[in-house]
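User: Could you walk me through a few local features of this model?

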Amino acid sequence: MITQNIAHTISESIVDTVGNTPLVKLNKINRHANFNLYGKLEAANPAGSIKDRTSLFILQKALADGRIKNGDTVIESSSGNMAVGLAQACLYFDLNLIVVVDPKLNSHTEKILRTYGVRIEKVTKPKQDGGYLGARLEKVQHLLATIPNSFWSNQYGNQNNPLTHHQTMTEIMDALHGKLDYLFVATSTCGTLMGCADFIVKNNLDTKIIAVDAVGSVLFGGPPLKRLIPGHGAGVPSQFLDTNRIYDQVYVDDVDCARGCWSLLEKEAILCGGSSGGMISAVEKYSKNIKADSNCALFLCDRGERYLDTIYNTEWLLKELPESRNAFTPLGGWQVA
């Protein structure tokens, strides 16, 4: 029997279990590297992702400031994780929730949202300038104008989004005793990215922050392209992004994300989502630039169960990302029933 010296505490509520997630050393996937690699296991949050932190912090601040009260309606645009985080927190705080989604919402996440009692509004056509995200944001504005006592949590512009991750950074720095040389962060709203970057600047840390963006995202000026895996990258510019605070950036495509996910599963037995796989691939691409004996960290942003029909489904991969066949081999091979 394995025993550990762990202080067992009782949480007063489910929302009190958000945060203080484990930092896991990724020994097997990083076996041949000359630096240390750690994953912040955000899948350990109660609703399953790093967005549990963001949704809870935004709602707590809005409740404290009187901008919302029990019985009001929260509205958000989300490709998945923010919606689920809000679903749990809204249910706990007796708030109604409407999420605006697009066709990239996977069926598993939709089932979770409906189980929480969330009202789902779907947009079906992307805007010519702004893609599906632009269409979702336009729908949000319409709902705000027509629904009384509604509040936009606005993960894209609410400053409490990046402020959330000062606490996340505190946890990482405490675990590593202040020595973090590189931090890889997936882009989306850029709230996590800039919250971490702001913490680094304000505390005069030597940590180099590496943005991991999706091929087809416009965040760093690239052309908008079709992307299949949600959760990272964006079709419109970020309201938070300050490139002066980013040390470097790495692009990953959908195949990189899938390859990273399968590698993480096979070597570390960790089942995570697409952006986590993207960061694993980004570290591999960037490894030649990392100094020996460095401490590197990345976010394992969410649970892989929500991707069982896509990234972890070999039939889907061969149909939607046929180049995967030559890029990696999933556990069990490419046998398709």
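Predicted model: local features only at pLDDT ≥ 70, side-chain atom pairs only at ≥ 80, totals over all residues.

Analyst: Residues are numbered from 1 along each chain as its sequence is written, and side-chain values use heavy atoms, with hydrogens and water left out.

User: Which residues of helix H3 are buried?

Analyst: Helices here are DSSP runs of H or I with at least four residues, strands are E runs of at least two, and both are numbered from the N terminus. Buried means under 20% relative accessible area, exposed over 50%, partly exposed in between (1.4 Å probe, protein chains only). On that basis the buried ones in H3 (residues 107-115) are Thr109, Glu110 and Leu113.

User: Why do they line one face of the helix?

Analyst: On the other side of H3, Lys111 and Thr115 are exposed. Take the directions from the helix axis to the C-beta atoms. Seen down the axis, the buried residues line one face because they fall within an arc of 100°.

User: What follows H3?

Analyst: At the start of H3, a side-chain oxygen of Asn106 comes within 3.2 Å of the backbone nitrogen of His108. After H3 there's a residue with a positive phi, near 85°: Gly117.

User: What is Ser281 in contact with, leaving aside neighbours within four places in sequence?

Analyst: Ser281 sits in helix H8 (residues 274-286) and counts as buried at 1% relative accessibility. With contact meaning heavy atoms within 4.5 Å, its partners are Val252, Asp256, Arg259 and Gly260.

Notes: Polar contact = N/O pair within 3.5 Å; in protein donor to acceptor, adjacent residues only side chain to side chain.
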